[in-house]
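Please look over the structure below.

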Amino acid sequence: MEPVFKRQRKESVVPEANEFLIETFKTREGYHAIFYPFEGRFVHEALASLLAYRISLLEPITFSLAYNDYGFELLSDKEIDMQSVIDNDLFTTRFVHQDLQTSLNATEMARRKFRDISVIAGMVFSGYPGKIVKAKHLQSSTQLLFEVFRDYEPDNLLLQQAYRETFEHQLEEGRLIQSLERIESQNIVWKQCQRPTPFSFPIITDRLRERLSSETLAERIAKITAAYMKES
Amino acid sequence: MTLEICIHENHFVLHPSGAVFWKEKDMLLISDVHLGKVSHFRRHGIALPQYAFTGNFDRLSAVADFFNASIICFLGDLFHSKLNQEWDVFADWVNARNENFLLIIGNHDILKPEKYASVGMAIASELKVGKFLFTHEPEDRDGYFTFCGHIHPGINLRGLGRQSMDLPCFFQSRNQMILPAFGEFTGKWIMDPVEGDLVYAIAGSEVVCVTMMPKRL
């Protein structure tokens, strides 16, 4: 492990027990901000969406979120004003419950949870192993089902369950509050790096991501493009 | 809001509902409404919200009122499957309107022809008007520009910061325009554009011409 630590120290630091490390750097993909609470994946998932939501209140911005057991990343197409994140005390435990609930609605976590729920509830039948699906005319995606319920029957029990399960099973509010309290007592060490650090690497290469945005659809579309194949 | 485009010196208005209005002929084109799909699923034991289908009629009325065309042409897949209660709602809707109706038969339109006749709707397997051909499934025919549906086209947009978004779209290639699915609960198929294709994405209440970049291999 020594070469990894050595490399990490060269670009950034290896945080002590009383330090909370934040790294920021720019790559071809955009502006990365990596936070290292070392609290495990579930807590990081909650922390990431909580913090992304709180930052998105400061200014219109779109985030892509990634996390592993060591830390989490907020990736965006413009630089986050990290000083204002620190100054505005965005790691506070006040309003955690409310903010977490709102950020849950803003991300797609519940949508993903609904996938399992709708399969168990028999809304989508994926067939028996090795058997051909006979009810092909009744196939639809859980995505589509989620949207229909959200738009036309928001009090549907299965839909509610998706939100409840995400909140109760996945986000671990209790541990989240404990870790926020710990972060409040730690010294924040913000490193502006030139290039990705060894600690950040497994996180920034993660492809399974959440999104959270406070920009309008029109603002977002103005910045993105479709790709076409060149005719050879 | 809407976006006007020009094809063979004719003017077409793209509406964020997925409909196209042909100015010169005062004709409204709507594709893949898939009426009855929600009820069809419910009949087979999948408990979708009962009134989810009302959205289709709200949107049909809104777009029909907006253009006030003399003819509404459905480019296939008007009614999803076997007859159910949504047909009665549709029949009332058609009777209450002043437009003439034409349906280009699609693969989902399996109702008996008398059914369409009973609401005064003409049916055809295709329609030719001048240089324009109207079909359900995409077709490349010499000397014609085709308007069609069937595919439910969508487009994937990407940008800095690993942003990615799928939106329904009007998909125009050299001799063809594929309309997005009009109906609720229909889903979409993500297209793979080639050079020269034009994509008009539906972004909420706007129709936006998408910026195209060559794919990085």
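Ala226(A) has Met212(B) as its bridge partner in β17(B). Two strands count as paired if DSSP finds at least two bridges between them. Strands here are DSSP runs of E with at least two residues, helices are runs of H or I with at least four, and both are numbered from the N terminus.

The model is predicted: local features need pLDDT of at least 70, side-chain atom pairs count only at pLDDT 80 or more, and totals for chains, interfaces and linings use all residues. Residues are numbered from 1 along each chain as its sequence is written, while chains are lettered from A and ligands numbered from 1 in the order in which they are written.

**Where the chains touch**

37 residues of chain B are in contact with 32 residues of chain A. Contact means that the C-beta atoms, placed from the backbone, lie within 7 Å. On the chain B side, the elements that give two or more residues include β11 (153-159), β12 (163-173) and β17 (212-214). β11(B) gives the most, with five residues.

**Chain B as a whole**

Chain B has four helices and 17 strands. Its radius of gyration is 17 Å, close to the 17 Å of the globule rule for 217 residues, so chain B is as compact as a globular protein of that length. The radius is taken over C-alpha atoms, and the rule is 2.2 Å times the number of residues to the power 0.38. Along its principal axes, the C-alpha trace of chain B spans about 50 × 45 × 30 Å.

**A sheet in chain A**

Which strands form the open sheet of chain A? Six do, in the order β5-β1-β2-β4-β3-β6, with mixed pairing. β5 (187-192) and β6 (210-213) stand at the edges with a single partner strand each, so one side of each has no neighbour in the sheet. Inside the order, β2 (residues 30-36) and β4 (residues 72-76) of chain A run antiparallel, joined by five bridges. Tyr31(A) stands opposite Ser76(A) in β4(A).

Technical notes. Two residues are in contact if their C-beta atoms, placed from the backbone, lie within 7 Å.
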